[in-house]
Amino acid sequence: MRAVLTWMLAVLSNQIGQAPVAGFDARVALTLTGPGGGTWWIDEAGVLAPSNGPVAAHVTAPALTFPDWGTQRSSWRDHDVTVTGDTELATRLLDVVNVI
């Protein structure tokens, strides 16, 4: 699962870097729990290595569900995805996540 997540987050980073998300102007932390999980910081430049910097929102979800909603085979809203902090900012990001 770690290899799948590493690949998907690398693709996501490239997508965000090449096609910035409108109104996405602050850092969001993404924590995927369970096998292969971890925490990644995402900003307008893409996916960053973990850091201790401030985040505007925090998204938490089971790692095993990310391949499904991260490829838009289903909506992130249909999974156990929790958003805290700036929910509008996080929703803006989550709505465009489509790793293909």
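## Basis of the model

This is a predicted model, in which local features need pLDDT of at least 70 and side-chain atom pairs count only at pLDDT 80 or more, while totals for chains, interfaces and linings use all residues. Residues are numbered from 1 along each chain as its sequence is written, and side-chain values use heavy atoms, with hydrogens and water left out.

## Strands and their pairing

Helices (H or I, at least four residues) and strands (E, at least two) are taken as DSSP runs and numbered from the N terminus, and two strands pair if DSSP finds at least two bridges between them. Strand S1 (residues 28–33) and strand S2 (residues 38–43) run antiparallel and are joined by five bridges, with Leu 30 having Trp 40 in S2 as its bridge partner. S1 and S2 form a hairpin with four residues between them, and in the turn Gly 34 has a positive phi of about 95°. S2 is in turn joined by three bridges to strand S3 (residues 46–48), again in an antiparallel arrangement, where Ile 42 stands opposite Val 47.

S1 is also joined to S4, here by six bridges and with the two strands running parallel; the bridge partner of Leu 32 in S4 is Ala 61. S4 and S5 pair in the antiparallel sense over four bridges, and Thr 60 stands opposite Thr 82 in S5.

Gly 85 is found in strand S5, and counts as exposed because its relative accessibility is 59%. The C-alpha atoms of Gly 85 and His 58 are separated by 6.3 Å, although these residues are 27 residues apart along the chain. When residues up to four places away in sequence are not counted, Gly 85 touches Ala 56 and Ala 57, contact being defined as heavy atoms within 4.5 Å.

## The nonpolar core

A nonpolar core is a set of buried Ala, Val, Leu, Ile, Met, Phe, Trp, Tyr and Cys residues joined through side-chain atoms within 4.5 Å. The largest such core has 28 residues, and those with the most contacts inside it are Leu 12, Leu 30, Leu 32, Ile 42, Phe 66 and Trp 69. The elements giving two or more residues to this core are H1, S1, S2, strand S4 (57–62), helix H2 (66–69) and helix H3 (87–96), and the largest share, six residues, comes from H1. In soluble globular proteins, nonpolar side chains tend to be buried together.

Leaving aside its neighbours within four places in sequence, Phe 66 is in contact with Leu 5, Met 8, Leu 9, Leu 30, Leu 32, Thr 71 and Val 97.

## Salt bridges

A search of the whole structure finds two salt bridges, each defined as a side-chain nitrogen of Lys or Arg within 4 Å of a carboxyl oxygen of Asp or Glu. In one of them the side chains of Arg 77 and Asp 95 meet at 2.7 Å, N to O. This pair links distant parts of the chain, 18 residues apart, with Arg 77 in the loop between H2 and strand S5 (82–85) and Asp 95 in helix H3. Asp 95 counts as partly exposed because its relative accessibility is 37%.

The side chains of Glu 88 and Arg 92 also meet in a salt bridge, at 2.7 Å, N to O. Both residues, Glu 88 and Arg 92, lie in helix H3, four residues apart, which is about one turn of the helix. Glu 88 is exposed, with a relative accessible area of 55%, whereas Arg 92, at 25% relative accessibility, counts as partly exposed.

## A loop residue with positive phi

Gln 72 has a positive phi of about 60° although it is not a glycine. Gln 72 is placed in the loop between H2 and S5, and is partly exposed, with a relative accessible area of 42%.

Notes
Buried < 20%, exposed > 50% of the residue type's maximum accessible area, 1.4 Å probe, protein only.
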